[in-house]
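Biologist: Please pick one part of this model and take me through it closely, then carry on to how other elements are arranged.

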Amino acid sequence: MSRSGKLSLANHFRNISSLARFIDESQDAEETYLLLTRGVCAHSQWDMSSIQVLDSVAGLAIPIVRHDPFNQSDLSNFPGWDARLSPVGKVLEEGRPLILQDAAAQDEFPGFRDDARRRGYRTTVMIPLEVRDAERRQMVYSVAARAVIEVDETDLSFLQCVAELVTIAVRKMRKLEDEREQAQRMRAILENMTASLTKTLDTEAAGTLAAGLSSLFPAGWLAVDLTSGRGLFDPEVPPPVALATARRVPEDLILAAISARGLASGTVMDLTVAGSTIRAEVSPLQIDGSHVGALFFFRSQPLSDHERIAAQAGRLALSSFILRSFIEFKSRRVTARRLMSRLFSGDWRDRDEMLDEAHRLDFDLQAPLRLVVLRLPGGSVDDGTHSFILRSAQSVFGASVSCLLDGDLMLLLDDRAGEAVRQQGLFLSRIRSLLPEGTALVMSELVEGFEALPKARETCANTLEVAQSMQASGWVTPVKVGEFPALMASAEMVKVEAYLGSVLPEVLNGTGRKAQAAAETIETFLKTGRRYQEAADALGIHVSTLRYRLEQLSDQHGLDFDDSDKCFELDLAIRLQKLRSSYGP
């Protein structure tokens, strides 16, 4: 029996109030839709009610909720109507209510007409809802009467008001659901972070820590620990870069991790590894202001707010994990600096103590040694780069210790295998891309006993001074700076100064025009093999003028240009003086 009939305005208001309470009782969106379809029929003149969605991909109008006391059919197996034969698409397209005075008699929507005839409804009103279902599909709310009735403005306003109540209720519930999900996500983040932090206390638990971090990080991540040189990733979700093992991190990746220093978290960069380039989001990892590594995310979409919170928690766990190797590196660096300072200063009062200190660094001072000195422009190197250089030296040369001393990076090598010189090129190729332009390196001769290290350091320092004056970089060798400068750089400066003082005439120590003319005359004469005409031509003077100058120098300073040994000593002294002045006192 149809319940259709006109309601008074007062009844409409009362029914809106009742429906509001009715809808407010719902606990989720699906229940709200069910209560709406039942409630509107219980508190109005309408006999049936339903909610339909438009599945634009399938091209169907699908009823998801229906209240029809006269036909209790199950909707779960009903595929829906062809959207072209249903008024749902038109309602959503126009965004306003649609009134079908007699759905069973119209021909515009044949599928809807057939359903109206089968189920026995006539006047129908359809109203678009401003919310979407869980699958993000647009929705339409409809009511129907089993008789043909006149729908006036009051009736339509009532239905629109009910639709608005549903929109408000669903949005409120969706917000509550989001808040519940956020709370659950935050609890999960805290639980996962707590679990991850407990694993950071064990440096052997890298595998289980990586699996725990995957619950905090979005899919596709990789961390690089610069203090130990290893990578950290989840083997179950490997990163899209070429990695043999966690302990064999490609140099490209190490360089990218070092270059992340000072970048803002979440900086997007192109990461090239083994010739392949991939987009990555990088965040530096720091401990006590020191750059110790980097975390890379590989994903096309930016991180959501929750993912960023989780990522921040994961970075904390990672930094805590790296902290142990960082403290160990800092501790070993302090020990190495103290040891090498004593070795170079000659403070060897307690030899056994020094040997023990070296053993704590896994180094044997009684082995044949070589000293490598790197002179970097600016005289400084960050912890990550320092650690990488030391590990590269240990990988190439074997047992090594290092420290930063007086602006130079010192590496002490155990060369009992006698392979250090042969491995120079490999070592430089490993670290070259980390070094500032203009960095020079020098390797000492083999040192049989640490007592010779002060001399080795002095020789290396002098050689680097020569290299700097000649703007040489890379490995400094006699080939690069010349045999004579390399030989003279190894001479003790006290003896060099004494030699210059005894051989050079006083006039050549001056800076005036007379001293410059005398030096140029003597140097050119000796360089041309004491051939007068050739020397005069090189100086651009007459040969008699040259003879006069040489006679004056001989008379005034006791120089004998006819004595080959004396001329050799003088030539050597002039070369030494020029070399010394090229790199300062």
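Modeller: With 4 residues, β1 gives the most to the lining of the largest cavity (lining residues have an atom within 4 Å of a cavity point, on a 1 Å grid where a 1.4 Å probe fits but cannot get out). This is a predicted model, with pLDDT of at least 70 needed for local features and 80 or more for side-chain atom pairs, while totals for chains, interfaces and linings use all residues. Numbering starts from 1 along each chain as its sequence is written, and side-chain values use heavy atoms, without hydrogens or water.

At least two lining residues each come from β1 (48-55), β2 (60-67), α4 (110-119) and β6 (138-144) (DSSP runs: helices H or I of at least four residues, strands E of at least two). The lining has 15 residues, and nearest the centre lie S50, R119, Y121, S142 and A144. By type, 7 lining residues are nonpolar, 5 polar and 3 charged. The volume of this cavity is about 130 Å³, as filled by probe spheres set on the points. In the whole structure, 2 cavities reach 30 Å³ or more.

Now to a sheet. Its 5 strands run in the order β13-β14-β12-β15-β16, making an open sheet with mixed pairing (a pair needs at least two bridges). β13 runs antiparallel to β14 (residues 408-414), joined to it by 6 bridges; in β14, M410 is the bridge partner of C403. Helix α8 (residues 305-345) packs on this sheet, where it touches β12 (369-375), β13 and β14, and its direction makes about 80° with that of β13.

α8 also packs with helix α10 (residues 383-397), at an angle of about 75° and with axes 12 Å apart. That makes the two helices, α8 and α10, roughly perpendicular (65 to 115 degrees). F326, F329, K330 and R333 of α8 meet D383, H386 and S387 of α10 (heavy atoms within 4.5 Å). This contact comprises 2 nonpolar, 2 polar and 3 charged residues.

Another helix pair is α16 (residues 513-527) with α18 (residues 543-557), packed at about 105° with axes 11 Å apart. Here too, α16 is roughly perpendicular to α18. A518, T521, I522 and F525 of α16 make the contact with L546, R549, L550 and L553 of α18. Its residues divide into 6 nonpolar, 1 polar and 1 charged.

Conventions:
Axes fitted to C-alpha atoms, helices over the stretch in contact; angles between N-to-C directions. Parallel < 35°, antiparallel > 145°, perpendicular 65-115°, else oblique. Nonpolar A, V, L, I, M, F, W, Y, C, P; charged D, E, K, R; others polar. 1 Å grid on protein atoms, 1.4 Å probe; cavity = no way out; pocket = protein on both sides within 12 Å on 5 of 7 lines; lining within 4 Å.
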